[in-house]
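Work through the exercises below with the model open. Each task is followed by a stepwise solution.

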Amino acid sequence: MESLSGKLAVVTGGTRGIGRAIAARLLGEGAAVALCGRSTQSVETALEALRPLGRVYGAACDVTQPDQVSGFFAAVDREWGGL
């Protein structure tokens with residue numbers, strides 16, 4: 001597998017279950033990960049667990065709401081300079 005070092009991945013639904021496992025794997029492969037989940041609490045819990053694995057950013061976002069998705073990607077752009 002090609003190294004993911006220096007790459008940025010976005011994982012929606014990345015706060016628990018399969019999404020969180022994907023985020024952890026991406027971090028383990030060297031990628032920085034931006035993740036979102038529906039609640040601030042779920043995002044904070046996931047960030048606590050994932051921070052030791054690498055560079056991670058998270059925000060609450062309901063992906064069924066286009067304005068929230070736009071806001072999430074704008075926040076990722078501000079945080080890391082874009083995808």
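## Exercise 1: the faces of helix α1

Gly 19, Ala 23 and Leu 27 are the buried residues of α1, where buried means under 20% relative accessible area, exposed over 50% and partly exposed in between (1.4 Å probe, protein chains only). Helices (H or I, at least four residues) and strands (E, at least two) are DSSP runs, numbered from the N terminus. The model is predicted: local features need pLDDT of at least 70, side-chain atom pairs count only at pLDDT 80 or more, and totals for chains, interfaces and linings use all residues. Residues are numbered from 1 along each chain as its sequence is written, and side-chain values use heavy atoms, with hydrogens and water left out.

Task: work out why the buried residues of α1 line one face.

Solution.
1. Look down the axis of α1: the buried residues fall within an arc of 75 degrees, so they line one face of the helix. The arc is that of the directions from the helix axis to the C-beta atoms.
2. An α-helix has 3.6 residues a turn, so residues three or four places apart point the same way.
3. Turn to the other side of α1: Gly 17, Ile 18, Arg 25 and Gly 28 are exposed. Gly 28 counts as exposed because its relative accessibility is 63%.
4. Find the cover. β1 (8–12), β2 (32–37), α2 (40–50) and β3 (56–60) are among what covers the buried residues of α1; contact means heavy atoms within 4.5 Å.

## Exercise 2: the length of α1

Task: check the span of α1 against 1.5 Å a residue.

Solution.
1. Helix α1 (residues 17–28) has 12 residues, which should span 16 Å. The expected span is 1.5 Å times one less than the number of residues.
2. The end C-alpha atoms are 17 Å apart, which agrees.
3. Just after α1, Gly 30 takes a positive phi of about 100 degrees.

## Exercise 3: helix α2

Task: which residues of α2 are buried, and which are exposed on the other side?

Solution.
1. Val 43, Ala 46, Leu 47 and Leu 50 are the buried ones.
2. Down the axis of α2, these buried residues fall within an arc of 100 degrees, so they line one face.
3. Gln 41 and Glu 48 are exposed on the other side.
4. The cover over the buried residues of α2 includes α1, β2 and β3.
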